[in-house]
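Here are my notes on the chain you sent. Please read them with the structure open.

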Amino acid sequence: MYDSLSDVDYLVMRARQYSKTDQYAAKAWLITAKSLFPTSFVIQFESYQVEKAGRNVNEAAKQLEEMFRNFPNERQLWEEVQNVLEALQTDSSDQRQTFLTEIFAAIPTHIQCQMLLSVADKISSTLEQCRLLLLAMKNFPNLVQEHGLKLVDLLIMEETKVPGLPAVNCYRKLLVCDVMPLLLNRGLKQKLPADVLYSWLRRAIEFYISYVTQPSIGDPSSSVGADLLSPTKASIKRLPPVAGLLERENQVIDPWGSLFNLLLLLGHCLDWEFEPDIFNKSREVQWQYIVSQFNRAKQTHSDGGYKQVLHMAVVLFIQSFYFYVSHVEANIAAGNSSGGATTPVVLIEGFPPDMEEHVPHPRVKKQKTDGSNQPPIYPSSSISNAQTLVSNFTMALKCFELLNTREELRRDFLSLYGKWNKETWAWISNLQIDMALYQGNFQDAIAQIQNFLDTASGKMKVRYALQRACCHYCLRNYSKACELVLDLIQTIPENDSLDCEDVEKPNPTGSGRHLLMLQCTEKEILPYCIQLLVASLKERMYSTHCSDAVLAHLIILLQNDWPQQESLFLNVIKHIQRQGSFTYNMFFSYVFVVDILEEFAFLDTAEGGRINLDILPTSTKTLAQQRTVTRGVNKGVKEDFRAALEKQVGRLQEPCQRIIRKFLREERTAFLQNM
């Protein structure tokens, strides 16, 4: 049976016979074989396999090194070297993979470098070639100068070969997250042209923006946490893996921090001036820095200065609006497309505090973009990180205005904007609704809201409906605003446990225009809806079309926030005293606050003006006609009025919200007719 074997094969076969039972005997046969056939790759490879089987790291490394020097063209050798290099790129606890990395570590460093470059040069897969070149540069910094730019060009070329490839792809990820930082941190000796550096920067911005705004695959029960508002923390979103990358390559731990780092590194190459640690400063400090840089660029007519302002403003705009919109449309940031456990916030117009005399609210003009005369925003105490959220919104607004109102920046900004991921466009549209409302451009806000109403669902639909009603109120379309609010209230589930005094609202100061930021919850939305109805009725009360029904509806709704609205109620009473009469036969169906009932009892006295009150369920005129006409014709009516007041006190235990909502439901038609 041995006659058909060559001498080399025979010696290898004898060594294998002992390899599992007697390592020393196997090695003896191979030493003999090497002395007889020193140029045989088969014998050398078998010696390597024996040392590997015996887990002899140093001997195996020595054998692999010898084969690499003496047999550079053997396919079996390159397959083994490739296995070793794959083990280096894999985070695995597998014993075989770990042992291979130990063998590589035991090889002299200059041979390691040659192995990496040789395999990279021979391999057919461009992506694998890029991986190995990257691995070589990480392990051998001296290779960066020689191979760094070559690797950049290779990755860009491969990406451009695929038409329509999205920005989040394997080539762009390796380029932006791995290769660029490596090259820039190690310091390129050659001075690159500015247009090349700007091209790198724009690729990086496009990648990171598209990466963070892509749809997530997170747990639907997850919610937006405080970390989402921290620029130095990683997003809690679970993003889909990038096709073509290994598991460890898919990790982008801190997208924003990585983008800021690249901006600093490339800015240094472009001779930009940076304030130390600017990206970790407050939004106000960041904005003042951008403004100062922009003013300097205008004075010096520096193209580089404008470019710095453009790229810094773009990055800070995107980061600010991302964190803000993550709360506006929280289900996106949490990976929850169904809008389940998350609660968005809503930005809406606030109402000025009540004053003794009515002062009509002025027509809102577009806010100045220099930061002066900006209306304050008062967030609900229930919103976590509320002030951070507000500062992100105002920062996004200022950057967006700077980028769009300055011709020097607008063209380049639109060029960048057009390349971003389509998901980013929808997010910016949401931000633009709030921007328009904040600036007082209510017609624009309504037009943009219309684009979302048909497709919105859940609490996002509530958000858009409330903002739409708010805009109509600000445009003095009170009837339309009230109609929309009444429709919205019908969609909010009733909750008897939520009583009138339970709701803690923002407490604005001053009489100027301001905005509120609320959570889209029943506890916060319903009181605002009622407040909008009150504000609309108040406008009607001071008009020439004020009816007793308007006054009655106002009194009923003022109970929801009693006694905070007492001053406005007293103005209503003065109005009734001036006209000398008041008729509303549904009064006792909906009025339940003791202070209000006592005030109407007082109106019936001489001190109160003997006001002619027709507020019983049946008209007092009808009651008087039913009685015998004598000198005490109205005595019975007065007794009926007193009895009704006393009976009404017994309703005090009925939930406030239930009565108010019953009124809005049953008197909807009458309410709108009087608006």
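1. A cut-off to begin with: a residue is called buried when its relative accessible area is under 20%, and exposed when that value is over 50%. Strand β1, residues 345–349, is mostly covered on this basis, with five of its five residues buried.

2. Confidence. The model is predicted. The chain averages a pLDDT of 82, and 81% of the residues score at least 70. Residues 219–236 have a pLDDT below 50; the model still gives this stretch 42 contacts beyond near neighbours in sequence. Residues 626–633 also stay under 50, and here the model has four contacts beyond four places in sequence. Please keep both stretches in mind when reading the chain totals.

3. Overall make-up. The chain has 675 residues, and buried residues make up 52% of them. Its secondary structure comes to 30 helices and five strands. Take the contacts between residues at least 6 apart in sequence: 72% of them join residues at least 24 apart. The chain exposes about 31,300 Å², of which carbon and sulfur atoms supply 50%.

4. Strand pairing. Which strands pair with β3, and in what sense? β1 and β3 (residues 515–519) run antiparallel and are joined by five bridges. Within that pairing, Glu349 stands opposite Leu515, and Leu347 has Met517 as its bridge partner. On the parallel side, β2 (residues 377–379) pairs with β3 over three bridges. There, Tyr378 stands opposite Leu516.

5. The two faces of β3. In a regular strand the side chains alternate between the two faces of the sheet. In β3, Leu515, Met517 and Gln519 point one way, while Leu516 and Leu518 point the other way. Are these residues buried or exposed? All are buried.

6. Helix α8. This helix covers residues 126–139 and has 14 residues. From its first C-alpha to its last it reaches 20 Å, close to the 20 Å expected at 1.5 Å a residue. α8 is mostly covered, as eleven of its 14 residues are buried. Among them are Leu127, Cys130, Leu134 and Ala136, and also Gln129 and Arg131. What covers these buried residues? The cover includes α5 (75–88), α7 (109–122), α9 and α10 (170–186).

7. His147, in the α9 part of that cover. His147 lies in α9, residues 144–160. Its relative accessibility is 10%, so His147 counts as buried. Leaving aside neighbours within four places in sequence, His147 is in contact with Leu117, Leu133 and Met137. Leu133 and Met137 are among the buried residues of α8.

8. Helix α19. Its residues are 442–453. The buried residues are Phe442, Ala445, Ile446, Ile449, Phe452 and Leu453. Seen down the axis, they fall within an arc of 115°, so the buried residues line one face of α19. The face turned away from this buried side carries the exposed residues Gln443 and Asn451.

9. Glu408. This residue is found in helix α17, residues 407–417. Its relative accessibility is 34%, so Glu408 counts as partly exposed. Not counting residues up to four places away in sequence, Glu408 touches Phe294 and Tyr306. The C-alpha atoms of Glu408 and Lys298 are separated by 9.7 Å, though these residues are 110 apart along the chain.

10. Arg296. Helix α13, residues 283–300, is the place of Arg296. At 38% relative accessibility, Arg296 also counts as partly exposed. What separates Arg296 from Tyr306? The two residues are ten apart along the chain, and their C-alpha atoms are separated by 9.2 Å. Tyr306 is also one of the residues that Glu408 touches.

Conventions:
Residues are numbered from 1 along each chain as its sequence is written. This is a predicted model: local features need pLDDT of at least 70, side-chain atom pairs count only at pLDDT 80 or more; totals for chains, interfaces and linings use all residues. Side-chain values use heavy atoms; hydrogens and water are left out. pLDDT is the predictor's confidence in each residue, from 0 to 100. Contact means heavy atoms within 4.5 Å. Buried means under 20% relative accessible area, exposed over 50%, partly exposed in between (1.4 Å probe, protein chains only). Helices (H or I, at least four residues) and strands (E, at least two) are DSSP runs, numbered from the N terminus. Two strands pair if DSSP finds at least two bridges between them. Accessible areas come from the Shrake-Rupley method with a 1.4 Å probe; for residues, only the protein chains shown count as cover. The expected span of a helix is 1.5 Å times one less than its number of residues. The arc is that of the directions from the helix axis to the C-beta atoms.
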